[in-house]
Amino acid sequence: MNRVISNFIKSLTVTRFFALAFIIIITTGTILLCLPVSSRAFEFTPFIDSFFTATSATCVTGLVLYDTYTHWSLFGQTIILIMIQVGGIGFMTVAFTVAFFKNRRIGLKERELMQESVAAPQIGGIVKLAKMIIIGTLIFEGAGALLLSFRFVPEKGFFSGVFSAIFHAVSAFCNAGFDLMGYKGEYSSLTSYSGDWYVNIIIMLLIIIGGIGFYVWSDLKENKFHFKKYSIHTKLVLTVTAILIIIPAIMIFLIEKYDAGVLSNTPLSEALASSLFQSVTTRTAGFNTLPVASLSDAVILVLMMLMLIGGSPGSTAGGIKTTTFAVLVMSINAVMKKRENPECFKRRLEPDILKKAAAILIVYMALIIAGTMILCITDDIPLKESLFEVFSAINTVGLSLGATAKLGVISKIVIALLMYFGRIGCLSIVMALSATYLPPPISYPLGKVAIG
């Protein structure tokens, strides 16, 4: 039996292996969350609701049907925390950790899976990179938990405060958006800390570090602050990340502060903190210090664009990724300048990269349109709420305008599938479901089509 299972696993492509691994994790989590011991009331949680929560946690999204603090017991919260950690740093990273401590040899198949998990450019040095990811994760999450405990322990007591600090540090680093602030008001997230720069900075740094990608860590560790020595990938990730933090933060601040928005009567320091925090967290983390449903339509549109872009490849983040967005923008620039290929930092990018970037965007948009239509039809949810919910799900963000509580069974399944697709990668899912590609036996004559 073991040999049959082993042969089956070896026969899977890397993409199909990951797709199956996440299904196993979600299924296990669903069963555990259904149990009475997982709820504070010691009652069975409906299967569909447990499945939704397990998917949201494993896919590090943060959309919830129940307030995490008020509904789930300490056991249930711990299960959610484990799923966030496994889903955030990648199943293969966890598997590597087990193999490492058991002194088990890491084979070629495991190295290939590890490479795919962290989006490393080559298989060479992947074991060293995996060790760095594990150690780095422990350091960053540990430091975040320690710093947050200075704020949470005085508020909640030692044990509860330490657990809350660990939970939020892991949730922030893994860009999950789950919180335990329900004792201050259900679904309140971090709104009570909107003017607290100490908590805001810690959470933002954890989100950014977890969202730039593990390969970028390696480059930064090796080349320190020498920007010119970084790879094109690292330069692009850091540049786009900085732009997507600063510009949207300014837009949110100006619109909500000076256009009769939710920040119009807020002190300047708190308004700046809230604007910056919302800009950072919206791309994939799902925490919020502002009441999202009260934001202006212009800011809601900005948030949806940020959600679509998301974080960077090989990270804990979702979305089409910063590099995909950058390639699309550079391709527009190349067309305008009549260049054959996109160019970046005085380098010409490979010819096929635009096709992949365009395919990713089209698949995402197709699923967004389909998901939005289903929510509008099945549960009669208004277009803006449905669209925002779908954007949040497929880009593994976790923000909501209130549609989550209105979801029926069909819509819950749809949103769960979108979260799953978003975490695995929509294009990867399409490839996993498609037949093995075989190149055509002939090369067809060139044809021309007018576009634009």
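**Close-up 1. Lys384 and Asp297 are joined by a salt bridge in which the closest N and O atoms are 2.8 Å apart.** A salt bridge here is a side-chain nitrogen of Lys or Arg within 4 Å of a carboxyl oxygen of Asp or Glu. The pair links distant parts of the chain, with Lys384 in helix α17 (residues 383–394) and Asp297 in helix α14 (residues 297–309), 87 residues apart; helices are DSSP runs of H or I with at least four residues, numbered from the N terminus. Lys384 is partly exposed, with a relative accessible area of 39%, where buried means under 20%, exposed over 50% and partly exposed in between (1.4 Å probe, protein chains only). The model is predicted, so local features need pLDDT of at least 70 and side-chain atom pairs count only at pLDDT 80 or more, whereas totals for chains, interfaces and linings use all residues. Residues are numbered from 1 along each chain as its sequence is written, and side-chain values use heavy atoms, with hydrogens and water left out.

**Close-up 2. Lys406 and Glu385 meet through their side chains in a salt bridge of 2.8 Å, N to O.** This pair also links distant parts of the chain, since Lys406 lies in the loop between α17 and α18 (409–424) and Glu385 in helix α17, 21 residues apart. Lys406 is partly exposed at 43% relative accessible area, while Glu385 is buried at 16%. A search of the whole structure finds six salt bridges.

**Close-up 3. Phe140 and Phe173 form a stacked aromatic pair, 6.4 Å centre to centre and with 25° between the planes.** Rings of Phe, Tyr and Trp (its six-membered ring) pair if their centres lie within 6.5 Å, and planes under 30 degrees apart count as stacked, over 60 as edge-to-face and the rest as tilted. Phe140 belongs to helix α8 (residues 126–156) and Phe173 to helix α9 (residues 158–173), 33 residues apart. Phe140 counts as partly exposed at 30% relative accessibility, whereas Phe173, at 0%, counts as buried. Together with Phe214 and Trp217, these two residues form one aromatic cluster; Phe214 and Trp217 are among the buried residues of helix α11 (residues 214–223).

**Close-up 4. Phe163 and Phe167 form a tilted pair, because their ring centres are 6.2 Å apart and their planes stand at 45°.** Both residues lie in helix α9, four residues apart, about one turn of the helix. Phe163 is buried at 14% relative accessibility, and Phe167 is buried at 0%.

Notes: Helix = DSSP H or I, 4+ residues; strand = E, 2+ residues; numbered from the N terminus.
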